[in-house]
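Please consult the sequence and the structure shown below alongside the text.

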Amino acid sequence: MLKSLVRAVGTAVRVSAATTSTARSLPLASSPALCAPSSATTRPFTRSLWMMSSVNGASSGFRPKLFSSKILRPSVSCGCGSLHTEGDKAFSDFLSDEIKEEKKIQKNKTLPKMSGGWELKMNGTEAKLTRLISGDEVTITFNVNNSVPPNFEDEAADQGQQKSAENEPELVSSPNFVVEVTKQSASQQQKHSLVFDCHYPEDEVGHGDGEEESDIFAIREVSFQPEGDADWKETSYTLNADSLDWALYDHLMDFLADRGVDNTFADELIELSTAIEHQEYIGFLEQLGAFVKCN
């Protein structure tokens, strides 16, 4: 009787295992839980397939054909042997249109000249202006990189309103610039330049009619630096303009104005820097387009 009981139990276990195996081998479409239209059942199903492809598939050497990527396959033949895709072609077409539009709105095909006899030299995105005035050599250095301030708009005022192309704000380059004044008559032991680190304050308002003219640029720091040294030496004593007496600050501003660095110069510098920055931007787009096309 005990043996009969053992055989009965064994038979029940085998039947149960067979039932479970049959349920697991059923196709996915026969499972009502997976075919339900609700997102609560669909999203776990999708995620499980992704995990099967990226984790289980990778470990077992099996990757379902459903997840084979066509984006990574070259879709455009090119003699250079580089990867080219349909996305690259769309990117290249976009860049071509963008370059045409930027050239249409380009104000200055050639760089504007600065009044006052300044001589301009370019080194990539860095510009250097020099002039001699009564034995003083004045050098202005600035870089157009990161010189276009971000345009923060009032989202509440513009909410629900689509801006037209005519209302788009004009991009203006207002770079920080360094003024270096060197006395040509100074002895060799005193060959140090007075250096001003200047900038355009972001909260500076335009000049209104009938209002007293204010400075559109400001001094940030002043220091004596070795002549011709490109790097600002942190070991040289530096005055921060925020801690300067207002009378001393005004004398320093007058010192610059006497050497041609005044509001007129600052306005012309913005115009020049904007032209250089736009020129560099178009050049970057052209280089990017050639890189994407592999020309």
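Are Phe177 and Phe265 buried or exposed? Phe177 is buried, and Phe265 is buried as well; buried means under 20% relative accessible area, exposed over 50%, and partly exposed in between, with a 1.4 Å probe and protein chains only.

## Basis of the report

The model is predicted: local features need pLDDT of at least 70, side-chain atom pairs count only at pLDDT 80 or more, and totals for chains, interfaces and linings use all residues. Residues are numbered from 1 along each chain as its sequence is written, and side-chain values use heavy atoms, with hydrogens and water left out.

## The aromatic cluster

Rings of Phe, Tyr and Trp (its six-membered ring) pair if their centres lie within 6.5 Å; planes under 30 degrees apart count as stacked, over 60 as edge-to-face and the rest as tilted. By this rule there are five aromatic pairs. The ring centres of Trp118 and Phe265 are 5.1 Å apart and their planes stand at 45 degrees, so this pair is tilted. It links distant parts of the chain, 147 residues apart: Trp118 lies in the loop between α4 and β1 (119-123), and Phe265 in helix α7. Helices (H or I, at least four residues) and strands (E, at least two) are DSSP runs, numbered from the N terminus.

Trp118 is buried, with a relative accessible area of 10%, and for Phe265 the value is 3%. Phe265 also pairs with Phe177, where the ring centres are 6.3 Å apart and the planes are at 65 degrees, so the pair is edge-to-face. Here strand β4, which holds Phe177, is linked to helix α7, which holds Phe265, across 88 residues. Ring pairs join Trp118, Phe177, Tyr200, Phe217 and Phe265 into a cluster.

## The loop residue Val172

Val172 is found in the loop between α5 (155-158) and β4 (177-183). Val172 is partly exposed, with a relative accessible area of 34%.

Leaving aside neighbours within four places in sequence, Val172 is in contact (heavy atoms within 4.5 Å) with Ser147, Val148, Pro149, Ile270 and Thr274. The C-alpha atoms of Val172 and Ile270 are separated by 7.3 Å, although these residues are 98 residues apart along the chain.
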